[in-house]
Number of protein chains: 2
Amino acid sequence: MQMQLLKERIQKDGLVEDGDILKVDSFLNHQIDISLLEEIGKEFNRQFEGKEVTKILTIEASGIAIACITARYFKVPVVFAKKTKTLNIAGEVYKASVESFTHKNTNTIIVSKKFLKPEDKVLIIDDFLANGKAIIGLSKLVEEAGATLVGAGVVIEKGFQPGGTRIREMGIDLHSLAIVESMDPANGVRFRED
Amino acid sequence: MQMQLLKERIQKDGLVEDGDILKVDSFLNHQIDISLLEEIGKEFNRQFEGKEVTKILTIEASGIAIACITARYFKVPVVFAKKTKTLNIAGEVYKASVESFTHKNTNTIIVSKKFLKPEDKVLIIDDFLANGKAIIGLSKLVEEAGATLVGAGVVIEKGFQPGGTRIREMGIDLHSLAIVESMDPANGVRFRED
């Protein structure tokens, strides 16, 4: 279910730019409104209520803030996957490839094997969902570790891009707090109906 | 003043490796112990009590978690400087150069001019202080913006490297929650006496 407070904030302070760019850098991923993040964290906690979560997994850099504030409500540690250009990494990491929509490049993401264990029940948290590559990459790390993927929570899903459909079809329990159905610089953002 | 709980955690879970590396990736900068971060945030809030802070400034990626949890106690937004390899960035950012001790490279760090204003009273927060380049770079962004630098809070200062002295000599009100006086793989960490 979408989150009214967040949708209002996106309408008020989000900037739609050419090339399907939605800039939310005044409150989400450059300057960060911590009180909004607290409401987002509470909402993820409500939406995944009853699921046993032992760890929150995200990806640097812009997922870290949301994951950490959210983790307060779940009372579990955060692990963030690191991006690296180095393809040959010795031994003790899980790794996956991730293409970035925003940056038009490919990174290898890694997590130390010490911090994902078969007994972990992992919730993935990220700021944006566009083509889904980041979440799919993170879910591969969870799989490689033999851990259980509880679900994925994203703050803003670009519903007009294929990531959401792809991830739901994979059977991942995906919760997006705002789903943008369409947007353009002249008319701004229209959200999907709940 | 140093923080006992943090020093004990570093003794228990920190790993000293050759090349003056102190790995705290099990609780601070890969896997993150949110309840420890809450105590760190409270401690920064205590140590900067009475100072008016309007914004917390940090640098991606590993500063973000600490800055965000700390910002809860100050009830102010976080701004994180982004690292970029691009030297020619058009117009609307403040920028500074930062050498990384850990990664042995130089980055340009940038902050949008929209998020640092002359009326801001800025507290810089970071995880590590070694040669001081990150904090000096961040302080240049504050200066460029014409904002006021209230001080800097770091979680772990490597007291045997020159950053702490340099920053204190610049007149910056620096608070380090743990100051490592010396360390080596055989004997671990020894902290500076308060």
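Predicted model: local features only at pLDDT ≥ 70, side-chain atom pairs only at ≥ 80, totals over all residues.

Modeller: Residues are numbered from 1 along each chain as its sequence is written, while chains are lettered from A and ligands numbered from 1 in the order in which they are written.

Biologist: What is the mean pLDDT of chain A?

Modeller: pLDDT is the predictor's confidence in each residue, from 0 to 100. In chain A, 96% of the residues reach 70 or more, and the mean is 94.

Biologist: Which rotation superposes chain B on chain A?

Modeller: The copies are superposed by least squares on the C-alpha atoms of residues with pLDDT of at least 70 in both. The RMSD is 0.0 Å, with 0.0 Å of shift along the axis, for a rotation of 180°. The two copies are therefore related as by a two-fold rotation axis.

Biologist: Which element gives the most to the side of chain B that touches chain A?

Modeller: Residues are in contact if their C-beta atoms, placed from the backbone, lie within 7 Å, and chain B brings 22 residues to the contact. Elements are DSSP runs numbered from the N terminus: helices (H or I, at least four residues) and strands (E, at least two). β3 (31-32), α3 (62-74) and β5 (78-84) of chain B each supply at least two residues of this side. With 6 residues, the element that gives the most is α3(B).

Biologist: Which residue of β3(B) stands opposite A:Val79?

Modeller: Strands pair if DSSP finds at least two bridges between them. Strand β5 of chain A and β3(B) run antiparallel, joined by 2 bridges. Opposite A:Val79 stands B:Gln31.

Methods
Contact = placed C-beta atoms within 7 Å.
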